[in-house]
Amino acid sequence: MIENFEDTTSELTGDEMKLLPVIINGFKAHTSEKPIEAPEIVGLMNNYLADKRINMKFNTVRLRKFANHIRSNSLLPLIATSKGYYVSHDKAEIQSQIKSLRQRAQSIINCADGMAVFIKS
C-alpha cells in the first residue's frame, strides 16, 4: 500500500486474484496496432462481473494495480502508452516501456526531494 492512498492502492484481494486470468487473456488480445484504453477495459470488466453476478466494481485505479501486478511478476510484457494497453514481445517496445516507467519513477523521486526541502532544518 502507498501512504495516503491506502484505499486505492491496496494489494489485489483474493477475489481480484481470481480475475487475473480474465484480465491477462483480455490484454493478450491487444497489440500495438490495436491497443485497448482504460475506460473500455473498465466497461468490459464491469459487464463481465455483472454477467457472472459478481458483486464487485472495477475501476481505473484497480486496473493500474492489476497492470502493476502483471508487470512486477513478469506475467506479460504489458505496454501502456497514451493510446492504451497492449502486449508486445518486441525488445524495442519493451525497452521503451522500461524507460518510460523509470522516467515516471524519477519524476516522483524529484517531487519527493522537492517536498523534503520544507522539512529540513
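The exercises below work through a predicted model, from its overall layout to its helices, a pocket and some single residues.

Residues are numbered from 1 along each chain as its sequence is written, and side-chain values use heavy atoms, with hydrogens and water left out. Since the model is predicted, local features need pLDDT of at least 70 and side-chain atom pairs count only at pLDDT 80 or more, whereas totals for chains, interfaces and linings use all residues.

**Exercise 1. Describe the overall layout of the protein.**

Solution. Begin with the secondary structure, which comes to five helices and two strands; here helices (H or I, at least four residues) and strands (E, at least two) are DSSP runs, numbered from the N terminus. Next, follow the elements from the N terminus on, which gives the order α-α-α-α-β-β-α. The C-alpha trace spans about 55 × 35 × 25 Å along its principal axes. Finally, of the 121 residues of the protein, 28% count as buried, where buried means under 20% relative accessible area, exposed over 50%, and partly exposed in between (1.4 Å probe, protein chains only).

**Exercise 2. Check the length of helix H3 and work out where its buried residues lie.**

Solution. Helix H3 covers residues 38-51, and its 14 residues should span 20 Å at 1.5 Å a residue, which agrees with the 20 Å between its end C-alpha atoms; the expected span is 1.5 Å times one less than the number of residues. The buried residues of H3 are Ala-38, Ile-41, Val-42, Met-45, Asn-46 and Leu-49. Because they cover an arc of only 130° around the axis, they lie on the same side of H3, the arc being that of the directions from the helix axis to the C-beta atoms. As background, an α-helix has 3.6 residues a turn, so residues three or four places apart point the same way. The face of H3 turned away from its buried side carries the exposed residues Pro-39, Ala-50 and Asp-51.

Asn-46 and Met-56 are 10 residues apart in sequence, and their C-alpha atoms are 7.9 Å apart in space.

**Exercise 3. Characterise helix H4, including its start and the residues it buries.**

Solution. Helix H4 (residues 60-72) has 13 residues and reaches 18 Å from its first C-alpha to its last, close to the 18 Å expected at 1.5 Å a residue. At the start of H4, a side-chain oxygen of Asn-59 comes to within 3.0 Å of the backbone nitrogen of Val-61. The buried residues of H4 are Arg-62, Leu-63, Lys-65, Phe-66, Ala-67, His-69 and Ile-70. Lys-65 is therefore a charged residue that counts as buried, at 15% relative accessibility. The side chains of Lys-65 and Glu-11 are joined by a polar contact of 3.5 Å, a term for a pair of N or O atoms within 3.5 Å, of which, within protein, one must be able to donate a hydrogen and the other to accept it, while residues adjacent in sequence count only if both atoms are side-chain atoms.

**Exercise 4. Identify what lines the largest pocket.**

Solution. The largest pocket has a volume of about 840 Å³. On a 1 Å grid over the protein atoms alone, a pocket is an open set of points where a 1.4 Å probe fits, with protein on both sides within 12 Å along at least five of seven lines, and lining residues have an atom within 4 Å of a point. Of the 20 lining residues, the closest to the centre are Ile-2, Arg-64, Asn-68, Arg-104 and Ile-108. Helix H1 (6-9), H4 and helix H5 (91-116) each give two or more residues to the lining, and the largest share, seven residues, comes from H4. By type, the lining divides into 10 nonpolar, five polar and five charged residues.

Methods. Grid points are joined across faces, edges and corners, and a volume is the space filled by probe spheres set on the points.
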